[in-house]
Amino acid sequence: MNGKSSWRRVFGLFLALILGFAVCSAPMRHYAAFPNELRLFEGQDKHLHYAMPVHAQGSLSDSTVAEVNGSTSANLRIDLNHPVSIHSKRSGQTELKLKLFGRIPFKTVKLQVVPDLKVIPGGQTIGVKVKSAGIMVVGHHLVQTGDQSRVSPGEEAKLRMGDLIVSINGEPVNDVKRVAPFAKQAGATGQPLKLVVQRGKAQFRTTLTPVFDREDKAWRVGLYIRDSAAGVGTLTFYAPDQGVYGALGHVITDMDTQTPITVGSGQILQSNVTSIAKSENGDPGEKRAEFVPGSKTLGNVERNTPFGIFGQMGELPGHAYQAEPVPVAFAEEVKEGPAEIWTVVGGQKVERFKIEIVHVSRQSSPATKGMVIRVTDPDLIKRTGGIVQGMSGSPILQNGKLVGAVTHVFVNDPASGYGCYIEWMLQDAGIMLKPGQAKSKAV
């Protein structure tokens, strides 16, 4: 029994070693690392590296979408010891099926081809003015109704900070100047105000009864309210074929409530960087900028999403680093390694600076923190200390492609920060298909 047990242990150890060598071998690593799905733009080439000394038979379910090794034959003989070249021809979906010895299923790769897309990287500092799609509640105000009596009708109506009043007595409102006349009328008639309020994604109705302020001699609703916001940021891209832009790389929030602003209207304008407050550990610094007096409106603001602001733009703004469109990258194409950002640190001149993409998160669906970046350019560190507020939206380029945008700075390490993938911004701009979404065709 002891001899048999010893033999079994030796044999088990031998099998484990063989399996370990197989798993760690280059062919197995290439096989395991290659995705089951692959996305390409029209006209783009991809090369699959299996490095396996065997031949396989390949076939495409739809040879009008792509070709393999320059051929659309239904029976492709492929040497897996050499790179397999895939060329996309038109938008659509197909499958590449590989079989060893023409019989044994080896690998099925789903191919999705989307329309070719090129955009012009930005980098320009822009001024942003947005008007909300209602009246934002940013606080409660106690109204003096008697010698010792103070109340807040807004609080009694269960309104919270961050709520958006979208209509009063059936009339849409997005201007704080309209609230006082409504309050005065309600006070004179004794009828409460009927409100429609947006809270998050839900709407509800409530009533609010204004009270008379003994100090100001006016009817009050007991709320601090706001209808607009303004600031500066950086243009990420301009898509000339579609006439749209994307900027900022993150959502615009109200400064008091920290809730996203629901945009009713807005505009972007030329801006000029007057100085830089350098970032330091614990202090992210900022671009100090001003709107250029008398400058024309560059575009409108239609959407405010977790990935920035988006809207229509009629032409490329001035002071571009380059006016030629560049390819964009899918999220899975972004690699750790050298890259660059385009941004303004003085006046209106766009400059490019070296960075390192130190970490990439593999995302199959939109998420804001796609990559960690670190500024490596000594000139930018000398002039700004690293990443500063107002730099959000600065385009990130790698290997000649637009891959993302700067979004946040690490407060305790201002040379580092987060970036988002350009793919998610392009989706929010409405000019790029979502993963798995097929292009529709009119009939």
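Start at Glu423, which sits in helix H6, spanning residues 422-428. The model is predicted. Glu423 counts as buried because its relative accessibility is 0%, and the cut-off for buried is under 20%. The side chain of Glu423 has a partner: a polar contact of 2.5 Å joins it to the side chain of Arg39.

Now step back to the whole chain. The secondary structure of the protein chain comprises six helices and 32 strands. Of the 443 residues, 45% are buried. The protein chain exposes about 22,400 Å². Carbon and sulfur atoms supply 52% of that area. Contacts reach across the sequence: among those between residues at least 6 apart, 67% join residues at least 24 apart.

Next, the interior. In soluble globular proteins, nonpolar side chains tend to be buried together. Here the largest nonpolar core has 50 residues. Phe237, Ile396 and Leu426 touch the most other members of that core. A second core is separate and holds 22 residues, including Ile120, Val196, Leu298 and Val301.

Last, the cavities. A search of the whole structure finds two of 30 Å³ or more. The largest cavity has a volume of about 80 Å³. Its lining consists of 13 residues, and Gln124, Thr125, Ser271, Gly318 and Gln348 are the closest to the centre. Which elements give two or more residues to this lining? They are strand E10 (125-140) and strand E21 (263-277). E21 gives the most, with three residues.

Definitions and conventions: Residues numbered from 1 in each chain as written. Predicted model: local features only at pLDDT ≥ 70, side-chain atom pairs only at ≥ 80, totals over all residues. Heavy atoms only, no water. Helix = DSSP H or I, 4+ residues; strand = E, 2+ residues; numbered from the N terminus. Buried < 20%, exposed > 50% of the residue type's maximum accessible area, 1.4 Å probe, protein only. Contact = heavy atoms within 4.5 Å. Areas by Shrake-Rupley, 256 points an atom, 1.4 Å probe, with all protein chains shown as cover. Polar contact = N/O pair within 3.5 Å; in protein donor to acceptor, adjacent residues only side chain to side chain. Core = buried A, V, L, I, M, F, W, Y, C linked by side-chain atoms within 4.5 Å. 1 Å grid on protein atoms, 1.4 Å probe; cavity = no way out; pocket = protein on both sides within 12 Å on 5 of 7 lines; lining within 4 Å. Points joined across faces, edges and corners; volume = space filled by probe spheres on them.
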